[in-house]
Amino acid sequence: MTIKEELILGFIGTYTKKNSRGIYKFLLDLSSGKIRKLNLAYAIDNPTYLAIDRDRNILYSSCKIDDKAGVSSFKFWKEKDSLDLINQCLFEEKQPCHISVSSEKQVLISSNYHENKMIVYNTLEGIILESKNIGEHSSNNITPHIHCSVFTNDEKYIISLDLGLDKMIIYTFEDNILSKKDDLSYTFPKGTGPRQIASLTSKSIYYVLSELTSEVFVFKYDPSSNTIFENIQTINSLPNNLNIDKSGAAIKIHPNNNFLYTSDRGSNTISLFHIDQANGNLKYIDNFSCMGICPRDFQIDPSGKFLISANELSDDISIFSINQVTGNLNYIYSEKVPTPICIEFI
């Protein structure tokens with residue numbers, strides 16, 4: 001959505017443990033890559049992850065209110081600096097670490113790393129309904145840590161990444177019933193720590209970034225198969241000669257589907273891969289400084305011109321231009337934002 005020519009609207013989710021007060025709104029100038037306006041859109045504790053229903057102008061957020069935590073929904077208007085609260089559902093003690101939304105199904109999914117809960121909420125024009133389905137993972141001697149849950153692009157399945165169990169657990173959600181499909185789930189090597197996922201819709205290819213080993217696992221998705229997900233490639237997300245404590249964070253695909261990027265908090269870098277258009281496989285290209293500390297998340301603007309890194313521990317966001325031919329990043333400048341965790345564009 002454009003506010004006026006060359007200005008794109010975005011929101012930033014934050015931790016409020018330091019100077020942040022909640023969700024911030026900004027305007028990105030596509031002619032220069034500069035932030036033209038930045039303001040507090042809504043004061044709320046720990047809106048650490050955001051998801052947007054663009055069809056309805058609804059912003060969803062994780063949050064914590066007093067001693068309860070859960071999810072909130074807001075209406076946004078391009079003309080207003082502030083968000084309008086719709087409602088909240090608070091069923092947890094610690095806020096979810098990830099949320100995602102299906103605009104078509106009007107469903108919101110939250111993933112709670114600390115409480116082993118994947119909660120699937122029905123929504124109605126932005127109202128989060130209290131009726132919910134809860135998915136919980138289990139193991140005899142390993143603590144589950146659900147880090148990310150999303151619908152497949154055809155919305156036949158929910159993919160839930162468990163960093164603790166090293167598993168990609170598959171669910172169906174039909175007729176308002178959540179069902180775990182253990183026979184379709186995938187087990188990663190022990191100590192991998194699957195964290196985030198991105199998909200190449202044109203090829204039915206999914207990419208999973210591991211936190212503990214900083215690898216990208218490439219999967220071919222075939223809903224007609226008995227396994228549905230086939231691991232076709234595994235590739236390091238960092239240079240082989242980089243000797244650091246690995247900590248993969250975020251993974252995103254450029255709008256042109258030619259480039260994939262990952263961030264790593266151990267090296268404070270963003271890596272670039274080229275995507276093979278024939279089979280979806282990745283080729284590692286280069287590694288760039290995030291120009292900050294702890295790139296917890298990053299986002300590419302809808303035009304594909306700029307990448308913005310949310311640097312949690314240096315309290316800033318850094319803006320890079322993207323070479324449209326090579327995918328290379330060129331640093332422009334940084335803007336102070338307190339404890340940024342998540343970035344979403346409209």
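**View 1. Lining of the largest pocket.** Its lining comprises 22 nonpolar, eleven polar and seven charged residues (nonpolar: Ala, Val, Leu, Ile, Met, Phe, Trp, Tyr, Cys and Pro; charged: Asp, Glu, Lys and Arg; polar: the others, Gly among them). The model is predicted, with local features needing pLDDT of at least 70 and side-chain atom pairs pLDDT 80 or more, while totals for chains, interfaces and linings use all residues. Residues are numbered from 1 along each chain, and side-chain values use heavy atoms, without hydrogens and water. Of the 40 lining residues, Arg54, Ile197, Ser199, Lys252 and Glu344 lie nearest the centre of the largest pocket.

View 2. Tyrosine 15 sits in the loop between strand E1 (7–14) and strand E2 (22–29) (strands are DSSP runs of at least two residues, numbered from the N terminus). Tyrosine 15 counts as buried because its relative accessibility is 18% (buried: under 20% relative accessible area, 1.4 Å probe, protein chains only).

**View 3. Surroundings of threonine 48.** Threonine 48 occupies the loop between strand E3 (35–43) and strand E4 (50–53). With 4% relative accessibility, threonine 48 is also buried. Its side chain makes a polar contact of 3.1 Å with that of serine 62 (a pair of N or O atoms within 3.5 Å; within protein, one must be able to donate a hydrogen and the other to accept it, and residues adjacent in sequence count only if both atoms are side-chain atoms).

Conventions. Helices (H or I, at least four residues) and strands (E, at least two) are DSSP runs, numbered from the N terminus. Buried means under 20% relative accessible area, exposed over 50%, partly exposed in between (1.4 Å probe, protein chains only). On a 1 Å grid over the protein atoms alone, a cavity is a set of points where a 1.4 Å probe fits but cannot get out, and a pocket is an open set with protein on both sides within 12 Å along at least five of seven lines; lining residues have an atom within 4 Å of a point.
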